[in-house]
Structure formats: structure tokens, C-alpha cells
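Trainee: Please pick one part of this model and take me through it closely. Then show me how the rest is laid out around that part.

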Amino acid sequence: MAKIRILGNHDLHLHGRVKISGAKNAVLPAIAASLLTKEPLQLHNIPLVKDVFTILTLMEGLGAEYSLENDSLSIQTRNIRSDEASYEHVRAMRASILVLGPLLARHGKAIVALPGGCAIGSRPIDLHIHGLEKMGAFISLEHGYIHAETNRLKGTEIEFEKKTVGGTENLVMAACLAQGETILRNCSLEPEVVNLCHLLVKMGAKIDGIGEETMQIKGVESLGGATHEIIPDRIEAGTFLVAGALNQGKITLEGVIPEHLTTVIEKLKFSGTEIHRHPHRVDVLRVQGAPEIKPQDVTTSPYPGFPTDMQAQFTVLMTQAEGTSIITETIFDRRFSHVNELLRLGANIEVFQDKAIVKGKTPLSGAEVIASDLRASASLVLAGLIANGETIINDMEHLDRGYEKIEEKLKTLGAHIERLPEEESS
Ligand code: UD1
């Protein structure tokens with residue numbers, strides 16, 4: 001199991017420049033979309049994170065061929081060789097479910113393992129399944145697998161009961177090759193969904209209402225190849241904004257789309273953090289932490305609301321604010337696993353159902369902790385940086401799923417962080 005050691009310091013001021021990578025949550029559906037065509041897709045700004053390698057292995061099993069050079073990926077599935085996404089893949093990465101819609105739409109058959117519970121609460125996929133059934137797919141659940149079949153999916157009207165990012169992506173991809181028109185209502189508005197739709201349009205899909213709650217998709221007989229740029233990772237960017245906000249850091253972020261971070265920036269500014277856009281470069285943000293951080297209540301909600309994927313990191317910032325902050329998590333249940341670990345570092349946080357009450361300011365002191373999911377691990381890294389002394393974070397492979405070269409990036413900003421060799425990790 002991977003471990004990271006951080007030598008933290010109350011007086012550490014992170015400073016310097018950091019380049020934000022492509023968005024993990026945008027690249028995964030884009031790679032899945034390559035199943036919709038025989039032609040190659042060229043995808044740029046690929047983050048080299050573990051989830052990308054997991055989906056590429058899964059795609060290879062399905063018949064895709066790919067080459068990855070630096071941050072550019074060429075991927076093509078001339079023939080579908082298998083229609084099965086195994087439990088091994090889905091367990092490693094829940095987003096493997098994104099192959100269900102495209103596989104079914106192009107190949108007429110898909111067998112995908114049920115994700116089951118995961119570390120941030122139960123995450124059902126009923127909305128994906130109901131939507132595909134409404135489009136005429138026959139779906140059964142056998143031995144922990146979803147078996148889906150169809151001669152051809154048919155356009156229909158589907159209203160999502162609640163907003164679902166993956167559900168919107170799966171159904172929009174499926175609808176592109178369906179017969180007739182599909183209307184999707186209450187779609188997720190996340191920039192990653194929009195980025196996927198732009199790719200699909202380049203491939204020849206007919207989609208109206210991109211970036212809106214209602215999308216109309218006119219099915220076509222086939223889709224072609226395309227070249228596409230993956231948007232920057234707004235969660236990685238948000239994590240570095242919090243890193244700058246802590247301990248009066250001073251960081252310049254390059255390669256971001258500030259508009260995707262509006263709510264996060266707003267909350268950080270209310271907390272006293274200074275954030276400025278570059279006068280000439282639209283993709284640059286500068287963050288400077290305040291000497292005194294003000295407490296802020298935060299409620300997570302679907303985009304454009306405050307992202308659940310930034311909740312754990314923001315909680316760390318609030319441990320350093322003078323006063324009480326209430327963090328309400330509305331997207332996932334049980335998404336406070338980082339709290340117990342933050343308590344070990346000296347934070348004062350109480351969890352009541354969907355709320356974490358954070359009382360600050362508490363000086364943090366280094367300790368050994370366990371990372372339980374991707375964003376929880378990011379929050380522990382942030383906490384470790386400002387905790388006095390040594391923090392060891394166990395099970396760091398979660399972090400590798402979604403953050404590219406995070407230790408290197410933090411080191412260039414002045415952090416003392418290192419990965420312990422595997423033999424020390426047993
Ligand atoms: C995506 C992101 C994840 C982010 C989440 C919410 C990817 C790869 N992952 O996850 O980082 O935290 O959006 O912004 O893009 N739900 C149902 N039934 C369903 C589907 C979802 O009840 O069929 C519920 C979920 O349990 C959850 C909520 O809807 O409570 C939102 O989930 P969803 O938007 O689908 O998240 P993911 O696509 O899995």
C-alpha cells in the first residue's frame with residue numbers, strides 16, 4: 001500500500017506556479033465515447049492518472065487500440081471484441097459504468113458489473129438503467145452483472161429523477177446512435193458533461209441544448225472520428241486554490257478555466273482569500289491566502305453549485321478559520337470519512353448526519369492517517385502540509401486515481417512531501 005510522508009509546518013507558505021492537468025472526470029467519458037465509432041479519436045490534455053489507465057485497460061479488453069504519447073491519446077475501436085466490463089474493472093473504478101451506454105448503442109449488447117457500495121456512500125445506477133430500458137433495452141441483473149441487449153435503441157423522453165453526471169453522460173452517448181429523437185430532462189450541467197457533448201457533436205452527433213437542463217438528441221446511423229481537447233481539471237485547480245488559501249500561500253495556477261470554478265472562488269473570497277485573474281491570460285489565476293481566514297458555511301450541490309468533490313478540501317481550510325463553519329453534504333451520504341482522520345491531526349469537527357460542524361482555529365499536528373477516497377486523500381495532504389511535524393498518509397493510491405504528479409507539483413511550491421518506497425509501506 002502506498003504511503004506519503006509530509007513534513008508540515010504552521011509557518012509554511014506555499015508559493016510558485018503550478019500547471020493544472022486535464023480533467024479526470026472529462027477524459028473518462030470521452031474515452032468511453034470512442035466505443036461509438038469505428039474511427040479514431042484524438043484526445044489532447046490527457047491527465048496521466050490511474051483512472052485513465054484503468055479505463056484504457058478496460059477499453060483494450062473490449063477491442064480498442066490506443067497509443068498515448070505525453071498528454072495525447074489516439075484511440076480506436078474498429079471491432080468490438082468483447083461486451084463485458086468485469087467486476088475487477090468496475091470495482092477499481094466506478095466510472096467504468098460509462099461504457100454501458102455506448103457499448104449497447106453500437107454493439108447491441110453490454111455486460112457490466114454492478115458497482116456496489118463504495119467508500120463515499122451507496123451510489124446506485126438505477127437512473128442509468130431506467131433510462132436505457134425506456135429506450136427499449138432489455139436489462140436483467142444476474143450474478144452481480146447488468147446484462148443489457150437491444151436490436152437498436154429507440155429515441156424517447158427521459159426525465160432524470162435527480163441530477164446524475166454519469167447517468168446524463170451514459171444516456172446522451174446512447175441516444176446519439178438511437179433511432180429517432182431522445183429528449184433528456186433534468187440533465188447535469190457539469191462542464192465535464194458539456195465537454196463530452198462537444199466531442200460527440202464533432203463526431204457527428206446531433207445534440208441541441210448542450211449545457212442546458214433539457215437536451216434533444218437526434219439519433220444518427222453512425223459517428224466518425226474527431227480531435228478534441230479535454231478541459232482542465234476544476235477540482236485539481238480548486239484543491240490548489242485551497243492550498244494557496246491556507247497559511248497565506250501565494251500560488252499562480254496555469255491552464256484553468258476560471259468560469260468553471262465560480263462558486264469555489266466565491267466561497268474562498270468570502271473566507272478572505274484573494275483570487276485574481278491574470279490581466280492578459282484567460283487561463284491563469286492567482287491566489288493569495290489571508291492572514292485571518294473567516295468561517296464559511298458551505299452546502300454542496302450539483303453544478304453550478306459548490307462541488308461535492310471540493311467539500312473535504314474546504315473543510316480543511318475551515319479548520320483554520322476563526323469561528324464555526326457548517327459544511328452540508330447533499331450529494332453523497334457518508335462523505336465525511338476524512339473527518340475522523342482530521343480529528344487525529346487536531347481538528348475540532350463534529351458530524352451530524354449530512355453536516356460537519358467545524359470549529360476553528362485549531363493548530364494541526366502531524367500524525368499517521370488513512371486515506372479512504374480520492375478527495376479525502378487530497379484533504380489529508382492539505383492538512384498534512386500545515387500540520388506541525390510528520391504526517392504519514394496511508395492508502396495513497398486513492399490520490400493517484402485523480403491527481404497527476406501531485407507530490408512533484410507541491411514540491412515545486414515548497415512543500416516537503418515524499419512517497420515512501422513500497423518496502424517501507426508493507
Ligand atoms: C460524478 C463524478 C464524481 C462527482 C459526482 C457528483 C465522474 C467520473 N465522477 O460521479 O467525481 O463526485 O459526479 O458531482 O464524473 N444517483 C442515483 N442513481 C443513479 C445515479 C446517481 O441515485 O442512477 C445518485 C448518486 O448516488 C448521488 C447523486 O445521484 O447521490 C449524484 O451522482 P452522480 O452525479 O451520478 O455521480 P457520478 O456520475 O457517479
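Mentor: Start with a cut-off. A residue is called buried when its relative accessible area is under 20%, exposed when it is over 50%, and partly exposed in between. Keep in mind that this is a predicted model.

The part to look at is the aromatic pair. A search of the whole structure turns up one such pair. Its members are phenylalanine 306 and phenylalanine 314, with ring centres 5.4 Å apart and planes at 75°, so the pair is edge-to-face. Two quantities describe any aromatic pair: the distance of the centres and the angle of the planes.

Now apply the cut-off. Phenylalanine 306 has 3% relative accessibility, so it counts as buried. Phenylalanine 314 has 1%, and it counts as buried too.

Next, look at a nearby stretch of the sequence. The peptide bond from tyrosine 303 to proline 304 is cis, with omega near 10°. Proline 304 sits in the loop that links β18 to α10 (311–319). Most peptide bonds are trans.

β18 pairs with β19 (residues 323–328) in the parallel sense, over two bridges. Within that pairing, threonine 299 has threonine 328 of β19 as its bridge partner.

The peptide bond from glycine 360 to lysine 361 is cis, with omega near 5°. Lysine 361 belongs to the loop between β21 (355–360) and β22 (368–370).

Now turn to the ligand. It is surrounded by 20 residues; the closest are Asp126, Leu127, Thr164, Asp309 and Ile331. By class, the shell holds seven nonpolar, six polar and seven charged residues. Two helices, α5 (126–134) and α6 (165–176), each supply at least two shell residues. α5 gives the most, with three.

Take the polar atoms around the ligand one by one. Arginine 94 has a polar side-chain atom 3.0 Å from an oxygen atom of the ligand. Lysine 162 has an N or O atom in its side chain 3.4 Å from a ligand oxygen atom. Glycine 166 uses its backbone: a polar atom there is 2.8 Å from an oxygen atom of the ligand. Taken alone, the ligand exposes 740 Å², and the protein buries 88% of that.

Glutamate 192 lies in helix α7 (residues 191–202). Its relative accessibility is 5%, so glutamate 192 counts as buried. Its side chain makes a polar contact of 2.8 Å with the side chain of arginine 234.

On to glutamine 248. This residue occupies the loop between α8 (234–245) and β15 (250–254). Glutamine 248 is not a glycine, yet its phi is positive, at about 55°. Most residues other than glycine have a negative phi. With a relative accessible area of 39%, glutamine 248 is partly exposed.

A relative accessible area of 47% makes lysine 405 partly exposed.

β15 runs antiparallel to strand β17 (residues 284–288), and five bridges join them. One of the bridge pairs sets lysine 250 against glutamine 288 of β17. β17 is also joined to strand β16 (residues 274–277), antiparallel, through four bridges. There, histidine 276 stands opposite arginine 286 of β17. β16 and β17 form a hairpin, with six residues between them.

Come back to where we began. The edge-to-face pair is made by phenylalanine 306 and phenylalanine 314. The loop from β18 to α10 carries proline 304, and the bond into proline 304 is cis.

Terms used. Residues numbered from 1 in each chain as written. Predicted model: local features only at pLDDT ≥ 70, side-chain atom pairs only at ≥ 80, totals over all residues. Heavy atoms only, no water. Phe/Tyr/Trp six-rings, centres within 6.5 Å; stacked < 30°, edge-to-face > 60°. Buried < 20%, exposed > 50% of the residue type's maximum accessible area, 1.4 Å probe, protein only. Near = heavy atom within 4 Å. Polar contact = N/O pair within 3.5 Å; in protein donor to acceptor, adjacent residues only side chain to side chain. Areas by Shrake-Rupley, 256 points an atom, 1.4 Å probe, with all protein chains shown as cover. Nonpolar A, V, L, I, M, F, W, Y, C, P; charged D, E, K, R; others polar. Pairing = 2+ DSSP bridges.
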